[in-house]
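Q: Could you show me how to read a few features of a protein model, one at a time? I am new to this.

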Amino acid sequence: MLVDTFGRTATDLRVSLTDRCNLRCSYCMPPEGLDWLPKPELLTDDEVVRLVGLAVRDLGVTEVRYTGGEPLLRRGLAEIVRRTAELSPRPQISLTTNGIGLDRLAAPLAAAGLDRVNVSLDTLDRGTFERLAHRDRLPDVLAGLAAARAAELEPVKINAVLMRGVNDHEAVPLLRYCLERGYRLRFIEQMPLDAQHGWTRADMITADEILDRLSAEFDLAPDEAHDRGSAPAESFVIGGGPATVGVIGSVTRPFCGACDRVRLTADGQIRNCLFATEESNLRDALRGGATDGELAERWRKAVWAKRAGHGIDDPSFLQPARPMSAIGG
């Protein structure tokens, strides 16, 4: 198992398949984009499947989520999903995406074995979307969401980040939109993971603020019927249920004590925390002929060293050198 010194066990593996993205969201990267990883540094499809198989078979991982960058840009995605679904024991397989191209790929991914999707959607206003993402692609995202629902990749979850003075007035419209279509909405506090290192707490819309805005229009109550466990989102029942909305207070309401996640970057580095400043290189060991047992031991050591929390409130906190697009969500 992947256990750390605080007794937490990592069972949820986030696998980045690329650092590339077809959007330029302001809280992630600059409008001109970034220097992408050279292709030889990326794990191949076979290397991804080998490491994921090792994690599932020998290290206790039960859920695999493919991320990026934008994972739909990975040409071999459907085949990677199919091979993951063939693992024994079979893990839950999910995908975090911006939704662009999902209208074409939802059905093939479902057929390959994908269980569900998380789609990023911060606004329903086309002009605001273009200002945020520096691309006019809102209709493509909405079409991708509809295709995911049609392909029964459920629950279809939407992740939204509210930014002060930009889209913070859209909390209620976003929730109404999701309720009308059966999507499950989760608001996420903006985190210090942008490539520009321009994050400031003053610009962040907090979990308390999100709940205040929603409560002005909806009757919300803590979802006491379901144990939160290691889930990052606090869940709230709307109007007596059954619909719910989630709020992920990554900064102001950290859930590090119950964290069960570990990350594998597109270039084969293990990160035991989203905000880790150290990585463990599995790619070079794998390519150097390491056995599965040797790779597993490296992985265990990486997770064993996990810190108690991300430490954003600590004066010594340092933002990771890699932005979110290069880490994987």
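Q: Is Cys28 buried or exposed?
A: Buried means under 20% relative accessible area, exposed over 50%, and partly exposed in between, with a 1.4 Å probe and protein chains only. Cys28 has a relative accessible area of 14%, so it is buried. Keep in mind that this is a predicted model: local features need pLDDT of at least 70, side-chain atom pairs count only at pLDDT 80 or more, and totals for chains, interfaces and linings use all residues. Residues are numbered from 1 along each chain as its sequence is written, and side-chain values use heavy atoms, with hydrogens and water left out.

Q: How many disulfides are found in the whole structure?
A: A disulfide is a pair of cysteine sulfur atoms within 2.5 Å. Searching the whole structure gives 0 disulfides. Cys28, for instance, is in none, and its nearest cysteine sulfur, that of Cys21, is 6.7 Å away.

Q: Which cysteines does the UniProt annotation "binding site" cover?
A: UniProt positions use the numbering used here, feature names are shortened, and annotations may be inferred rather than shown by experiment. In an unreviewed entry, UniProt gives this annotation to Cys256, Cys259 and Cys273. They span 18 residues in sequence, yet no two of their C-alpha atoms are more than 9.2 Å apart, so they gather at one spot. Cys256 is buried at 17% relative accessibility, Cys259 is buried at 14%, and Cys273 is buried at 19%.

Q: Where is Cys256 found, and what is it in contact with?
A: Helices (H or I, at least four residues) and strands (E, at least two) are DSSP runs, numbered from the N terminus. Cys256 sits in the loop between β9 (244–248) and β10 (261–264). Contact means heavy atoms within 4.5 Å. Leaving aside neighbours within four places in sequence, Cys256 is in contact with Arg8, Ala308, Gly309 and His310.

Q: What about Ser120: where is it found?
A: Ser120 belongs to strand β4 (residues 116–120). Its relative accessibility is 28%, so Ser120 counts as partly exposed. Beyond neighbours within four places in sequence, Ser120 is in contact with Thr97, Asn98, Val141 and Asn159. The unreviewed UniProt entry also places a "binding site" feature at Tyr27, Gly69, Ser120 and Met191.
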